[in-house]
Amino acid sequence: VEGMPHSATAVAAHDSRLIMMSSRDFEVLIQRYPRIGMTVMRNIARSLGDKLKTTDLAVSQLLSAPNS
């Protein structure tokens, strides 16, 4: 997405078959099959929302903790 190296790793819980595609190939895929693009975007939005909730909770807890 950003054209930069990725900063995350993943470990499969089960045997998996994976594919790799270029950004351009992915763009062609979602132009041809818009429903795939919507599914990907929905999953990204859910993931970001979960991370935001977790971060918001952590910040709230830090701000409400008594000073030591």
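Modeller: To begin, I44 has a relative accessible area of 41% and is partly exposed. This is a predicted model, where local features need pLDDT of at least 70, side-chain atom pairs count only at pLDDT 80 or more, and totals for chains, interfaces and linings use all residues. Residues are numbered from 1 along each chain as its sequence is written, and side-chain values use heavy atoms, with hydrogens and water left out.

Biologist: Why is I44 called partly exposed?

Modeller: Buried means under 20% relative accessible area, exposed means over 50%, and partly exposed is in between (1.4 Å probe, protein chains only). The value for I44 is 41%, so I44 is partly exposed.

Biologist: What makes M38 count as exposed?

Modeller: M38 has 54% relative accessibility, and therefore counts as exposed. A helix here is a DSSP run of H or I with at least four residues, numbered from the N terminus. Helix α2 covers residues 34-64.

Biologist: How do you know that R24 and E27 meet in a salt bridge?

Modeller: A salt bridge needs a side-chain nitrogen of Lys or Arg within 4 Å of a carboxyl oxygen of Asp or Glu. For R24 and E27 the N to O distance is 3.5 Å, so the pair meets the definition. The structure holds 1 salt bridge. R24 and E27 are 3 residues apart in helix α1 (residues 23-32), which means that about one helical turn separates them.

Biologist: What makes I19, M21, F26, Y33 and I36 a nonpolar patch?

Modeller: Patches are made of residues with over 30% relative accessible area and no salt bridge; nonpolar side chains (Val, Leu, Ile, Met, Phe, Trp, Tyr) are joined within 5 Å, and like charges within 9 Å. I36 has 35% relative accessibility, so I36 counts as partly exposed. Together the five have about 480 Å² of accessible area, by the Shrake-Rupley method with a 1.4 Å probe, where only the protein chains shown count as cover for residues.

Biologist: Which residues line the second largest pocket?

Modeller: L18, I19, M20, M21 and F26 line the second largest pocket. A pocket is an open set of points on a 1 Å grid over the protein atoms alone, with protein on both sides within 12 Å along at least five of seven lines; lining residues have an atom within 4 Å of a point. By class, the lining has 5 nonpolar, no polar and no charged residues; Leu, Ile, Met and Phe are among those that count as nonpolar.

Conventions
Helix = DSSP H or I, 4+ residues; strand = E, 2+ residues; numbered from the N terminus. 1 Å grid on protein atoms, 1.4 Å probe; cavity = no way out; pocket = protein on both sides within 12 Å on 5 of 7 lines; lining within 4 Å.
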